[in-house]
Amino acid sequence: MNNYNTPAEVCDVAINAAVTKANMPILKMLLLSIAAGAFIAFGAVCSAVAMHNIADVGVARFVCGAVFPVGLMLIVMVGGELFTGNCLMIEGLMEGKITLLGWLKNMVVVYTGNLIGSAIVAALTAAANTWAYTGGALGAFTIRVAVTKAGLPFATAFASGVLCNVLVCGAVLMAFSSRDIIGKILGIWFPIMAFVLAGFEHSVANMYYLFAGLFASMNDAYVDKAAELYSIGADKIASLDFMGFLANLVPVTLGNIVGGVSLGLIMWLAFKSKGLNKPAD
């Protein structure tokens, strides 16, 4: 027996998953989305520890990319509802198996839960004094990442968000294609590594990064270290407020939606639409 699904079978798996997600009780949906936000945040925490003191950008991002995929692995194999991956529910909508209202309900609840899970991990990471690594350099790096994200131009953040979620949803589909754990791990690892290596913007990861930067900026030692290492002054740190969060999350979220929905539509059109898959005469 084959241990993988064909692309057409992957579409069937995605459609069935959309039906399950759309009909999930709201409390269960919220709990699983909080877990998913936390899982992505764990990947962000650990990858930042691994990369923060590496000077070479390419090597640093590769190391980060090697660690970060643990978040999606946890979601796929332990359970979780991730906003970016759920953009693939468009396949269930196109197949007529779910309603637009059911999909939108899922997306709103899951986004909210992902935000809560990310904030919880950021707060606990601060309480655990994790950012004290390397004489506070990790705390300074955490501030730098958040400030950089809050300062991205709208078009840049949007385009980066589109590219990111093509790869994230590609990773989800690759996980669907495998029927064994090792295949799912490898299917997830490579596309997620690619998006991290390229520096693309992921809305749920950014929830953690922005909260982490905000919490780190409350520590004077990290603020001083950020000024020393990266010349980040009070004016830039001031961007880590509600408007700074919106300045990043709005365009990145919109970009993630466009990227994920576009990939889902392409896959559905290619493998499920009757117009392109009718028998040859």
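Two cavities of 30 Å³ or more were counted in this predicted model. The largest cavity holds about 80 Å³ of space. Its lining consists of Ala44, Val45, Ala48, Val49, Trp131, Leu138, Phe141, Thr142, Val145, Tyr208 and Tyr209. By class, the lining of the largest cavity divides into 10 nonpolar residues, 1 polar residue and no charged residue.

The second largest cavity has a volume of about 40 Å³. Ile40, Phe68, Leu72, Leu82, Val168, Ile192, Phe195 and His202 line it. Here 7 residues are nonpolar, 1 is polar and none is charged.

The largest pocket contains about 830 Å³ of space. It is lined by 33 residues, and Met51, Arg61, Phe141, Arg144 and Val145 are the closest to its centre. Two or more lining residues come from each of H2 (26-51), H3 (57-67), H7 (133-150), H8 (154-177), H9 (181-198), H10 (203-216) and H11 (220-230). Helix H7 gives the most, with 7 residues. The lining of the largest pocket comprises 19 nonpolar, 9 polar and 5 charged residues.

The most come from H1, which gives 6 residues. By class, the lining of the second largest pocket has 14 nonpolar, 5 polar and 3 charged residues.

Glu81 also figures in the surroundings of serine 33. This serine lies in helix H2. Serine 33 has a relative accessible area of 0%, so it counts as buried. Beyond its neighbours within four places in sequence, serine 33 is in contact with Glu81, Val109, Val110, Gly113 and Asn114.

The largest nonpolar core was then considered. In soluble globular proteins, nonpolar side chains tend to be buried together. The largest nonpolar core of the model has 76 residues. Phe68, Leu72, Ile143, Ile192 and Tyr208 touch the most other members. Helix H2 contributes the largest share of this core, 10 residues. Isoleucine 192 is in contact with Phe68, Pro69, Leu72, Val168 and Ala171, its neighbours within four places in sequence being left aside. Of these contacts, Phe68, Leu72 and Val168 also line the second largest cavity, as does Ile192 itself.

Tyr208 belongs to helix H10, where it is buried. This helix has 14 residues. Its first and last C-alpha atoms lie 20 Å apart, close to the 20 Å expected at 1.5 Å a residue. Helix H10 is mostly covered, with 12 of its 14 residues buried. The buried residues are Ser203, Val204, Ala205, Asn206, Met207, Tyr208, Tyr209, Leu210, Phe211, Ala212, Gly213 and Ala216. They pack against H2, H6 (100-127), H7, H11 and H13 (242-271).

Leucine 124 lies in helix H6. Its relative accessibility is 55%, above the 50% cut-off, and therefore leucine 124 counts as exposed. In sequence, leucine 124 and phenylalanine 215 are 91 residues apart. In space, their C-alpha atoms are 10 Å apart.

Asparagine 129 has a positive phi of about 60°, although it is not a glycine. This asparagine sits in the loop between H6 and H7. Asparagine 129 counts as partly exposed because its relative accessibility is 47%. Threonine 134 likewise is not a glycine but has a positive phi, of about 55°. Threonine 134 is found in helix H7. At 40% relative accessibility, threonine 134 counts as partly exposed.

Methods: Residues are numbered from 1 along each chain as its sequence is written. This is a predicted model: local features need pLDDT of at least 70, side-chain atom pairs count only at pLDDT 80 or more; totals for chains, interfaces and linings use all residues. Side-chain values use heavy atoms; hydrogens and water are left out. On a 1 Å grid over the protein atoms alone, a cavity is a set of points where a 1.4 Å probe fits but cannot get out, and a pocket is an open set with protein on both sides within 12 Å along at least five of seven lines; lining residues have an atom within 4 Å of a point. Grid points are joined across faces, edges and corners, and a volume is the space filled by probe spheres set on the points. Helices (H or I, at least four residues) and strands (E, at least two) are DSSP runs, numbered from the N terminus. Ala, Val, Leu, Ile, Met, Phe, Trp, Tyr, Cys and Pro count as nonpolar, Asp, Glu, Lys and Arg as charged, and the others, Gly among them, as polar. Buried means under 20% relative accessible area, exposed over 50%, partly exposed in between (1.4 Å probe, protein chains only). Contact means heavy atoms within 4.5 Å. A nonpolar core is a set of buried Ala, Val, Leu, Ile, Met, Phe, Trp, Tyr and Cys residues joined through side-chain atoms within 4.5 Å. The expected span of a helix is 1.5 Å times one less than its number of residues.
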